[in-house]
Amino acid sequence: MSSSSLLVPKMGIPGDAKGGHKPWEDQTLFKLKKRDPHVSLHSHDSPQGSLTYWYERSKVDYHVANSAAWNDDAIPAALLNAASWVEGLPYVKSLSGHWKFFLATSPDDVPVDFHDSAFQDSGWDSLPVPSNWQVHGYDKPIYTNVIYPFPLDPPSVPSENPTGCYRTCFSIPKEWNGRRILLHFEAVDSAFYAWVNGVFVGYSQDSRLPAEFEITELCKPFDSGEENILAVQVFRWSDGSYLEDQDHWWLSGIHRDVLLLAKPQVFITDYFFKSNLDEKLNYSDLQAEVKIDSSQGDSKGSSHDLVIEAKLYDTSGCLDFGRLNSHTYMYLLSPSKITLAVIIRGVNRHEHHPRLGKTNMEACMVKDLIIMKQHNINAVRNSHYPQHPRWYELCDLFGMYMIDEANIETHGFFLSKSHKHPTLEPSWAAAMLDRVIGMVERDKNHACIISWSLGNESSYGPNHSASAGWIRGRDPSRFLHYEGGGARTPSTDIVCPMYMRVWDMVKIAEDPAEIRPLILCEYSHSMGNSNGNIHEYWEAIDSTFGLQGGFIWEWVDQALLKEKGNGLKHWAYGGDFGDSPNDLNFCLNGLTWPDRTLHPSIHEVKFVYQPIKVQLSGTVLEITNTHFYGTTEGLEFLWSAHGDGQNIGSGILSLPLIGPQGIHEIEWEKGPWYNAWVSCEAAELFLTISSRLQQSTRWAEAGHVVSSAQVQLPAKRPIVPYVIKADTAACNSEVLGDKIRVFREGFWEMIINPQTGTFESWVVNGIPVMERGILPSFWRAPTDNDKGGEAASYLSQWKSAHLDCLSVVTESCSLTKVSDGLLKIEVVFLVVTKNEADAEKSNVAFRCNMVYSVYGSGDIIMECHVKPNSDLPPLPRVGVEFRLPNSMELIQWYGRGPFECYPDRKAAAHVGMYEDNVANLHVPYIVPGECSGRTDVRWLTLKNKDGIGIYASVYGNSPPLQISASYYTTAELERATHNEDLIKGNSIEVHLDHKHMGVGGDDSWSPCVHDKYLIPPVPYTFTIRLSPVTPGTCGHKIYQSQL
């Protein structure tokens, strides 16, 4: 017979290939011979051995993250890691390692009898287990968001169904003699058969939960001298794939560890700890529900003769009945209303490793938790499936709230008109419920879990109701979450919408008919340069009863490492592997890059999530502890004051202990910073209040900054802008052919083209500081959010108005020598659109009147009057741009920073004086676009290493600028589809924007920048000052001179 397709008689074992049944295409047959789901088992030799094991398992802190590997080093590290998880367990054996592997194109092409012990596999390749075979060069990864990667025809899957054949061998230790042997697969994607010594063991689906089989009678005796052969056949596609249409990479194989467990003839196979706290939280009633497996096939009788003994230990091994664990969670539940005594500052997390795919490493999981905790994230939603068992242990240890989510998503059915969602089909009910049961039974004892989720984006129907009913019967202590069906169905105990707008959230919270709290299961879509407006969500959450936080989408950019033709590797997204269909870069929505390098926006998240809030209300500085249970014990408070960017004082801020939900008030004039304020003559004064850890914790070293907030102190006096005088120095000019040279002998010179009204060069002390400029600028390289929304997107609106193909035409230019020390240049620029369909239909989109006042001091005062056509869509930017030589690489600015920020994402960026290299400003989003901006900038300098350069600032009553400086032109940022494809220019492109549109972030598939951050097509007037910089001058002094 051919074992190729292993057609099986329904409810039987592999049988005849003709007329048999295909379990992988039958939604009612999703397991054969599997043991019932249960908590993760560990076989210890004694109570002391168990205590030692758990004590060692709990010795994990931020140091562990230092060994996280994200490239090829992760492959051997993952194998070592899998083996390390069973160290100290004498009756558990990991089968991780290199297995023999063959990939067949379909089940029909599987080698005949490959599962037989005598089969010769010497010609097969080796593949590490655990792993996904696609990340090792077999088959190809596929990324889709909604659409299934195969024709929607449930429960059938394509006949071309890549099928992995695995073989390995194992021996039974002598010490295991007389014990029962269990074969435990922690997770296999998507369905599989297993054999031991040629005998069929069982079949399983669900790519994210364990499958366990008893193999005691199939194993060869330890003293036989023979090894056992384990063979596994893994199907890439199965009917279970229809329930696993999550927004991530489709990857296959044995991606979590395979274990052997040796158990006594009678053993505890499951247990459920339940606790009830008294109202004053003084003591807890602990109950234990225990399930006994008393024999291999007969559970009758013998269990009645057993005695179950329970003891409670603390980490030192001593009995301790009176203490609650520091990670104990508490929430109140009643049938009609839930009150959560916590605000959810959460994030969604897929399991993703750029080199390993879905395979996990402890150091990488710890790295995730450390970054989360250090950025004030207190909750994680396991999107959208149960995750590695160690993840739950780590979340218990680190103190992270969790929504545990069933491995159910049927998003692609929304695109079908001929097929109902599985939740509406009785034939899918058992498969869906099995996934829910498997999740709850495995994870029920983890303190981190506060909620069970029925899955994600799977519509809503009777099968969800059945699952909800089962969970409520099994574990009424936790609340239920399910967003499908409108986020307010009877199967969810909270209102849990995704990507709801702020104003709609508030409406629900204020609706007296809705008594459930609202927690956003997904919000602030972090795709590329995003997360704008998030502070507005938290202004509403912090001030509106009933709004209790949410989970940002998502944690990590899900790119995979891929080798390019030049041997270098890059972050790859959908389509880069030749995968079709695909959803391109929609997998890149993280707060971190794939190697957990931080996106700039995570600073904004840390700020809005910080538990210590500071605000200046009139003359009172209010410091609020938003924790519901914790005090400010363990925190040290600091203050620092700055005047016009200069530090004028700092120190420790002595505060009394602030209790939960407490507020400490300080009259700002009585604070330790007051004397510094009195003696400072600066125009602007800012006070920063920070809190930091006094002692190291599991997740951070002592000194880690937990919170930091800046408030502007009252001005001491009104500031009158200084007007530059024309008689300070002579301004000379001469005609050079068709150009005009304006100069001050021995200091600076400018070459101006009177035909175009542009500066062709600017030289200071013989050094070129400007190569081309100055031109009006209205276009930006589109971000992912700009592209979202198809015809309604900002990019589509801009292209319809031809804003992507603007050119500048000079209508007029005149030069007037006002005095010996002042030359005025008046230019009228017409910014025209080019209609590619009809070249003769170019229209004037903007009329720009520019007046340059050039002083003998080298100062240029640039007055800009911009008049857009009123029928234009919201504008990307309104400002000017020019080019500097590459040598002008040192940038200093006084404004918000130090990291990238934009008008709708700047709350975390403090006003200060910062300096960097232009190259470092670039933010390497995997898909390039507008980036590297800094907002609310009062002044900046760009200089070479010798201190020669230019200064730019606001002037007169003009508001602060949005600025950027980059070796990549706007056109280049728009052209490249991957960051590594960017080609550096021969100059630095500088943008000084009077207005710059927000980046948005409520979602990435609709135009959703909030109105206050849009730029309407109305007239704008602004003034900018440019000045030469020499080693004897600095930006701060130049700025002070104009106040």
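Me: What is the volume of the largest cavity, and how is a cavity defined?

Reply: Rolling a probe the size of a water molecule over the atoms shows where empty space is left. On a 1 Å grid over the protein atoms alone, a cavity is a set of points where a 1.4 Å probe fits but cannot get out. Grid points are joined across faces, edges and corners, and the volume is the space filled by probe spheres set on the points. In this structure the largest cavity has a volume of about 450 Å³, and there are 9 cavities of 30 Å³ or more. The model is predicted: local features need pLDDT of at least 70, side-chain atom pairs count only at pLDDT 80 or more, and totals for chains, interfaces and linings use all residues. Residues are numbered from 1 along each chain as its sequence is written, and side-chain values use heavy atoms, with hydrogens and water left out.

Me: Which residues of the lining lie nearest the centre of the largest cavity, and which element supplies the largest share?

Reply: Lining residues have an atom within 4 Å of a point. Here 35 residues line the largest cavity, with Ser40, His184, Glu186, Pro210 and Arg442 nearest its centre. Helices (H or I, at least four residues) and strands (E, at least two) are DSSP runs, numbered from the N terminus. The largest share, 4 residues, comes from α5. By class, the lining has 14 nonpolar, 7 polar and 14 charged residues; Ala, Val, Leu, Ile, Met, Phe, Trp, Tyr, Cys and Pro count as nonpolar, Asp, Glu, Lys and Arg as charged, and the others, Gly among them, as polar.

Me: How many aromatic pairs are there?

Reply: Rings of Phe, Tyr and Trp (its six-membered ring) pair if their centres lie within 6.5 Å; planes under 30 degrees apart count as stacked, over 60 as edge-to-face and the rest as tilted. The count comes to 49 aromatic pairs. One of them, Trp893 with Tyr914, is tilted, at 5.6 Å centre to centre and 40° between the planes. This pair links distant parts of the chain, with Trp893 in strand β45 and Tyr914 in strand β46, 21 residues apart.

Me: Is Gly550 buried or exposed?

Reply: Buried means under 20% relative accessible area, exposed over 50%, partly exposed in between (1.4 Å probe, protein chains only). Gly550 counts as buried because its relative accessibility is 0%. Gly550 belongs to strand β24. Beyond its neighbours within four places in sequence, Gly550 is in contact (heavy atoms within 4.5 Å) with residues including Ile344, Trp538 and Tyr609.

How values were computed:
1 Å grid on protein atoms, 1.4 Å probe; cavity = no way out; pocket = protein on both sides within 12 Å on 5 of 7 lines; lining within 4 Å.
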